[in-house]
Amino acid sequence: IVTVGFSWILNTMDKMALRMWSDFYEIGIYSNAFKVVALLNLIKQAFNTFWTPTSYRWFKENVPIKKYEKVSMILSFGLFLICSCIISFRWLLRYIFERRINRS
């Protein structure tokens, strides 16, 4: 219960702070950025849904550690690539978000 309470406070504090110390334009940018985060969380959840049963099965079948290392390297490279694209094209994301906000 205590953890849920702290989690609720942390999850709502950002929105309350934005509401008090910013304007609706900044709130719009923030909410659109959260959509990118939601997309990344969806990718993470899809991977976890696939990987957890696979890793347990591999452990049960005594699959060599090299396969785990290969998956780890592929995942690291994929995450690096996604983060690099987000950082490299942040100007494009900002442009898309601003157009979306101005149209609303």
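Biologist: What should I know before we start?

Modeller: This is a predicted model, where local features need pLDDT of at least 70 and side-chain atom pairs count only at pLDDT 80 or more, while totals for chains, interfaces and linings use all residues. Residues are numbered from 1 along each chain as its sequence is written, and side-chain values use heavy atoms, with hydrogens and water left out.

Biologist: Rings, then. How many aromatic pairs are there?

Modeller: The structure holds six aromatic pairs. Rings of Phe, Tyr and Trp (its six-membered ring) pair if their centres lie within 6.5 Å; planes under 30 degrees apart count as stacked, over 60 as edge-to-face and the rest as tilted.

Biologist: What kind of pair do F47 and W51 make?

Modeller: F47 and W51 are stacked, with 6.1 Å centre to centre and 15° between the planes. Both lie in helix α2 (residues 24-60), four residues apart, which is about one turn of the helix. Helices (H or I, at least four residues) and strands (E, at least two) are DSSP runs, numbered from the N terminus.

Biologist: Why is the pair of F89 and W91 called tilted?

Modeller: The ring centres of F89 and W91 are 6.5 Å apart and their planes are at 55°, so the pair is tilted. F89 is partly exposed at 41% relative accessible area, and W91 counts as exposed at 56%.

Biologist: Which residues form an aromatic cluster?

Modeller: F47, W51, W58 and Y68 form one aromatic cluster. There is also a charge at W58: K67 lies over the face of the W58 ring, 5.3 Å from the ring centre. A charge sits over a ring if NZ of Lys or CZ of Arg is within 6 Å of the ring centre and within 35 degrees of the ring normal.

Biologist: Switching topic: what is the volume of the largest pocket?

Modeller: The largest pocket has a volume of about 230 Å³. On a 1 Å grid over the protein atoms alone, a pocket is an open set of points where a 1.4 Å probe fits, with protein on both sides within 12 Å along at least five of seven lines; lining residues have an atom within 4 Å of a point. Grid points are joined across faces, edges and corners, and a volume is the space filled by probe spheres set on the points.

Biologist: Which residues line the largest pocket?

Modeller: The lining is made by L40, I43, K44, F47, I74, L75, G78, L79, I82 and C83. The elements giving two or more residues to this lining are α2 and α3 (65-88), and α3 gives the most, with six residues.

Biologist: What classes of residue are in that lining?

Modeller: The lining has eight nonpolar, one polar and one charged residues. Here Ala, Val, Leu, Ile, Met, Phe, Trp, Tyr, Cys and Pro count as nonpolar, Asp, Glu, Lys and Arg as charged, and the others, Gly among them, as polar.

Biologist: You listed C83. How many disulfides does the whole structure have?

Modeller: A search of the whole structure finds zero disulfides. For C83, the nearest cysteine sulfur is that of C85, 9.4 Å away, too far for a bond. A disulfide is a pair of cysteine sulfur atoms within 2.5 Å. C83 is partly exposed at 44% relative accessible area, and C85 counts as partly exposed at 37%.

Biologist: Last one: where is N32, and how far is it from R90?

Modeller: N32 is found in helix α2 and is buried, with a relative accessible area of 2%.

Terms used. Buried < 20%, exposed > 50% of the residue type's maximum accessible area, 1.4 Å probe, protein only.
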